[in-house]
Amino acid sequence: MTALSSSIRVQRIAKSKINEVDFDHLEFGKYISDHMLVVNYDHGKWHEPEIVPFGDIAMSPAILSIHYGQSIFEGMKAYKSLNGTITIFRVRKHWERMNRSLDRMCMPPISEELFTNSLHALMEVDREWIPTSEGSSLYIRPVVFATESRLGVKISDQYKFIIMTSPVGPYYSKPLKVKVEETYVRAAEGGAGFAKCAGNYGVSFYPTHQARLQGFDQVLWTDAKEHKYIDEAGTMNVMFVLNGKLVTPKLTTAILEGVTRDSILTLAKEMNMPVEERKVGVDELAEACDNGKLTEAFGAGTAAVVAPIATINIHGKDHHLPTPTDTSFQQRVKQKLNNIRLGIESDVHGWNYSIK
Ligand code: COI
C-alpha cells in the first residue's frame with residue numbers, strides 16, 4: 001500500500017493489463033482499467049476510500065440491491081489535453097445528479113469532497129489509460145449499491161461506492177435509426193425516470209430488443225400517460241432542430257437530467273441558436289418531417305456525446321433526415337464541446353476539473 005497526496009491508500013496491480021488494450025478499436029466498455037476505488041458505508045457513515053486492483057468482489061447472494069434494486073450509477077469522461085493535463089468534464093454537475101439519484105432511492109448521500117478526491121486519486125493512478133485519439137476518452141463509471149445481506153424488503157443499512165474506468169471510443173459508430181415507442185413505457189411522472197438508477201435501464205431492455213428485431217437501433221420513449229410527447233432515448237437525451245430552433249423535451253420527473261443536454265443548451269445560446277425546452281409532440285414531429293421543418297435530430301449524452309439520428313419511425317412510417325454536414329448545428333456544437341474539453345477553446349464556464 002502507498003498513499004497519494006490526497007491520503008487515499010493505493011494497492012497497485014501486480015501486472016498492468018494495459019498492453020492487452022487495442023487502443024485503435026475501443027469498443028464502449030470492453031476494457032476496464034487496472035484499478036478501482038472502493039468505499040464502504042455502514043453504521044451511518046462512509047468509510048475511508050481505497051484504490052485496489054480492478055477485480056471480482058465476494059458478495060452474499062442476499063444483498064438487497066440484487067433483489068430490490070437499490071443501485072444507482074453515474075457516467076463521466078476524462079480527457080488528456082495536448083500539454084498532458086487531465087480534464088474531467090463537469091464533476092460537480094455529475095456529483096449533484098448522483099446525490100439526487102441516491103436521494104430518490106433512499107441511499108446515503110456522498111460528499112463532494114469524497115466524490116472529487118476519489119476521482120482525482122483514481123485518475124492519477126490510471127492516467128496512462130486515458131486514450132488520446134480523436135473521439136476517445138476515459139469513461140468513468142461511479143456506482144453505488146446496497147450490500148446489506150437480508151431478504152426482508154427494507155432500505156439497506158450498508159452500501160458500496162465503487163469507481164471504475166474504461167478507455168472508450170464513440171458509443172454509436174453510425175447515425176441511428178430510432179422508433180417512437182407507443183406501447184411500452186420507460187418511466188412515468190412521479191417515478192424515478194430522472195434518477196440514474198439501474199432499474200431504468202433494465203426495464204428498457206425488452207422494448208429496445210423488440211425494436212432491434214424490427215431493425216431499429218434505439219427507441220424514443222414517450223410520456224407514460226398518452227404516448228403523445230417525446231421524453232428521451234434511454235441512453236441519451238434527444239434534441240431536434242425544428243423551424244431553425246434547437247428544441248428539446250422540457251425536463252420532467254420521467255426524464256434524465258443530462259449533463260451533455262445542459263452543456264449543449266448553454267452553448268447553443270452562446271452560438272445564437274434559439275432554444276426551446278418544451279413538450280415535443282409526436283404528431284408535431286411527424287408533420288415537421290413531412291414539411292421539411294425538421295432538419296436535424298440527435299441524441300446527447302456522456303457516452304453518446306452527440307449521436308446523429310438518420311431515421312425516425314413515427315406511427316410506423318420511416319422519416320429520413322438529411323445527413324449532418326460541418327455546418328449542421330450538431331456538428332458545430334460537438335466540435336465546441338470537444339474543444340472545451342481538450343483545452344483548445346477556453347473553458348469560460350469552469351466545466352473542466354483539471355489534474356496536472
Ligand atoms: C452515459 O451516457 O454515461 C450513460 O450512462 C448512458 C449509457 C452508457 C448507460
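A297 is buried, with a relative accessible area of 0%, where buried means under 20% relative accessible area, exposed over 50% and partly exposed in between (1.4 Å probe, protein chains only). The residue belongs to strand β16, which covers residues 294–301; helices (H or I, at least four residues) and strands (E, at least two) are DSSP runs numbered from the N terminus. Not counting residues up to four places away in sequence, A297 touches M239, F240, A307, P308, I309, I312, L321 and Q330, a contact being heavy atoms within 4.5 Å.

The structure is predicted, and local features need pLDDT of at least 70, side-chain atom pairs count only at pLDDT 80 or more, while totals for chains, interfaces and linings use all residues. Residues are numbered from 1 along each chain as its sequence is written, and side-chain values use heavy atoms, with hydrogens and water left out.

Stepping back to the whole chain, the secondary structure comes to seven helices and 19 strands. The radius of gyration is 21 Å, close to the 21 Å that the globule rule gives for 356 residues, so the chain is as compact as a globular protein of that length; this radius is taken over C-alpha atoms, and the rule is 2.2 Å times the number of residues to the power 0.38. Along the principal axes, the C-alpha atoms fill a box of roughly 65 × 55 × 35 Å. Of the 356 residues, 52% count as buried. Among contacts with a separation of 6 or more, residues 24 or more positions apart account for 70%.

The chain exposes about 16300 Å², and carbon and sulfur atoms supply 51% of that area, as computed by the Shrake-Rupley method with a 1.4 Å probe; for residues, only the protein chains shown count as cover. The mean positions of the 40 positive and 42 negative charges are 1 Å apart. Here Lys and Arg count as positive and Asp and Glu as negative, without His and the chain ends, and each charge is placed at NZ of Lys, CZ of Arg, CG of Asp or CD of Glu.

The domain assignment gives domain 1 (5–169) and domain 2 (176–342), with bounds that come from an automatic or database domain assignment. Their centres, taken over C-alpha atoms, are separated by 27 Å. The contact between them takes 22 residues from domain 1 and 21 residues from domain 2.

Several loop residues complete the picture. G191 sits in the loop between β11 (176–180) and α4 (198–213) and counts as partly exposed at 22% relative accessibility. Leaving aside neighbours within four places in sequence, G191 is in contact with R104 and T253. P324 lies in the loop between β18 (317–320) and α7 (329–341) and is partly exposed, with a relative accessible area of 22%. Beyond its neighbours within four places in sequence, P324 is in contact with P308, Q330 and Q331.

Two further loop residues deserve a look for their backbone angles. Most residues other than glycine have a negative phi. H227, although not a glycine, has a positive phi of about 55 degrees; H227 is found in the loop between β12 (218–220) and β13 (237–242) and is buried, at 16% relative accessible area. N243 also is not a glycine and has a positive phi of about 55 degrees, and N243 lies in the loop between β13 and β14 (245–249).
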